[in-house]
Amino acid sequence: MKRFPNQIIRLIIPFVIIIAGLLIAKKFLVPASFGKLGHFRADALGEAMSKPIHYVGQQACADCHDEIVKKKAASYHKGVACEVCHGPGSAHVDSPTENKPPAPRDRGFCPVCHSYNPSRPTGFPQIVTVTHNPGKACISCHNAHDPVPPHAPEQCGACHGDIARTKMASPHVDVPCTVCHETPTEHRMNPRMYVPTIPANREFCGKCHAKDAQSAKEIPRIDMGTHGERYVCWECHYPHLPQVYNGAAK
Amino acid sequence: MKISENLSRREFMTRILDFAKKALIALPFVSGFGAVKAFTGGAFLKTAEAKELVAYDPSQHLYAMGVYIDRCIGCGMCARACKKENNVPQEPFYFRTWVERYQILKEDKTIVDSPNGGIDGFPETTNKADVLRSFFVPKLCNQCKNPPCVQVCPVGATYKTKDGVILIDDKYCIGCRYCIQACPYGARYLNPVTKTADKCTFCYHRVVKGMKPACVEVCPTQARVFGDLKSESSPMVRLERMNKIRVLKPDLNTEPKVYYVDLDGEVS
């Protein structure tokens, strides 16, 4: 048998050593589970799955506190999970007597959601904290598990302050809200179940502003037949501040 | 192998060869040991939860989140809960999820801010009369179908699971920050404690057990919705069917799995 030339053997030897060294190093350096499920350490998936849970979910609360959960489920706060206000509950579930979850009782917490912020969606109940019973704790009037107004608000501005302040500076200042919005008395205690009406057509504004309307002399008049006949009035005039709208009254 | 000064070249090569021979013989044993380690390593869970998780099949799920912009009140409960659930540092620079306020002014200008991620509320910064419209946009990792962050990771420490979630292996991450640079949504940060990259995982440890992510759990107005796109009864399927939805930066072809309902064109 013919042997390999000497120079080839001398080359092969270091190659074999290097390759074997790399293979051994790879065995030690690359984690065992790397590449089993893709270009990553498969064990990491299990580690990610088994991280500890802090927020246990409302069902865990209902297991013991079913009365409060039931009460809340029928209230305006039905969408607000227990842990929103009381914080993560895992420690409390593990040892109920030793770890009591906090209950925010001061004035600082409720305004996180309910203080007035112009960026918040219209219709979300908001108060101006500096004028809304300053110094009083929210829970002295409102039950957080079933929040309703403590007594029927006497004026619309108690809740719709933004509109009330706008109307204050407009020619409609003396027009009571109920002239345009027929408001069932229940609306004051149950605002979303009983919704006030809104005017439906041009003729409603025409009752005061049409040429032949039976109203005070100083009220501006328009000819209902020629003045913007294809539109309803509030497309150009904001009824709570009718004069200053940019596009109107050219 | 002891190397003395008066070692001849022949003897040196012989010894090297001898070592290589032994190493080659040892190789199958070493790899066999590795296989055993991998097998036992597979039994990573020793708790009662282990059985449930073994039954969990990631290929049967595809997770996604939906956000109703019109419902978000900017209370920041999601950002708070996320920090508590996932041990995110409390300093105001590290977020897995945060809330941005958009204020579009009458003079053709948009102000976007997120003081402490929205956790401490949004103080008024502009005159209300100058604002045309304003709203909140919760943000988080978009769990892209084509994730740029996974592509750039040099060591394979960030990866996509079969159920569509992008995760980070914090034991394998070398903290090079490539992925933080690559993310077009700014969703990643470098954890100052572990010195590894970190981001939203859709609360993977919760969703594999059938729970909602912490931010969805605490959202008081149900602005955030979470679900499985492969399940017909999922709230996400309903959200996709009933609404006009948009994703962030669709032109990048990352194909995010966070869907926004009624998102303003100004948001990017």
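**Figure 1. Surroundings of Phe202(B) in the nonpolar core of the predicted model.** Leaving aside residues up to four places away in sequence, Phe202(B) touches Tyr63(B), Met65(B), Gln143(B), Val165(B), Val207(B) and Pro213(B), where two residues are in contact if their C-beta atoms, placed from the backbone, lie within 7 Å. The largest nonpolar core holds 73 residues, and those that touch the most other members are Cys78(B), Ala81(B), Phe202(B), Tyr204(B), Cys215(B) and Val218(B). A nonpolar core is here a set of buried Ala, Val, Leu, Ile, Met, Phe, Trp, Tyr and Cys residues joined through C-beta atoms within 7 Å; a residue is buried if 20 or more other C-beta atoms lie within 10 Å of its own, exposed if 12 or fewer, and partly exposed in between. In soluble globular proteins, nonpolar side chains tend to be buried together. This is a predicted model, in which local features need pLDDT of at least 70 and side-chain atom pairs count only at pLDDT 80 or more, whereas totals for chains, interfaces and linings use all residues. Residues are numbered from 1 along each chain as its sequence is written, and chains are lettered from A and ligands numbered from 1 in the order in which they are written.

Figure 2. Strand E9 (residues 224-228) of chain B is largely enclosed by the rest of the structure, because five of its five residues are buried; helices (H or I, at least four residues) and strands (E, at least two) are DSSP runs, numbered from the N terminus. In a regular strand the side chains alternate between the two faces of the sheet. Both faces of E9(B) are covered, with Arg224(B), Phe226(B) and Asp228(B) buried on one side and Val225(B) and Gly227(B) buried on the other. Strand E1 (residues 63-68) of chain B runs antiparallel to E9(B) and is joined to it by five bridges, two strands being paired if DSSP finds at least two bridges between them. Within this pair, Met65(B) stands opposite Phe226(B).

Figure 3. Three strands form an open sheet in the order E3-E2-E4 (chain B), with antiparallel pairing. Strand E3 (109-113) and strand E4 (131-140) of chain B stand at the edges with a single partner strand each, so one side of each is left without a neighbour in the sheet. From one strand to the next, the twist averages 20°. Five bridges join E3(B) to strand E2 (residues 97-105) of chain B, and Arg101(B) in this pairing stands opposite Asp113(B) in E3(B). Helix H3 (residues 77-86) of chain B lies across E2 and E4 of chain B and runs at about 160° to E2(B); axes are lines fitted to C-alpha atoms, for helices over the stretch in contact, and angles run from 0 to 180 degrees between N-to-C directions.

**Figure 4. The loop that holds Thr194(B).** Thr194(B) lies in the loop between strand E7 (189-190) and strand E8 (197-198) of chain B. With 14 C-beta neighbours inside 10 Å, Thr194(B) counts as partly exposed. The C-alpha atoms of Thr194(B) and Asp170(B) are separated by 7.9 Å, although the two residues are 24 residues apart along the chain.

**Figure 5. The contact between chain A and chain B.** The contact takes 40 residues from chain A and 51 residues from chain B. Helix H1 (6-29), helix H2 (42-49), helix H5 (82-86) and helix H7 (111-114) of chain A each supply at least two residues of the side of chain A that touches chain B.
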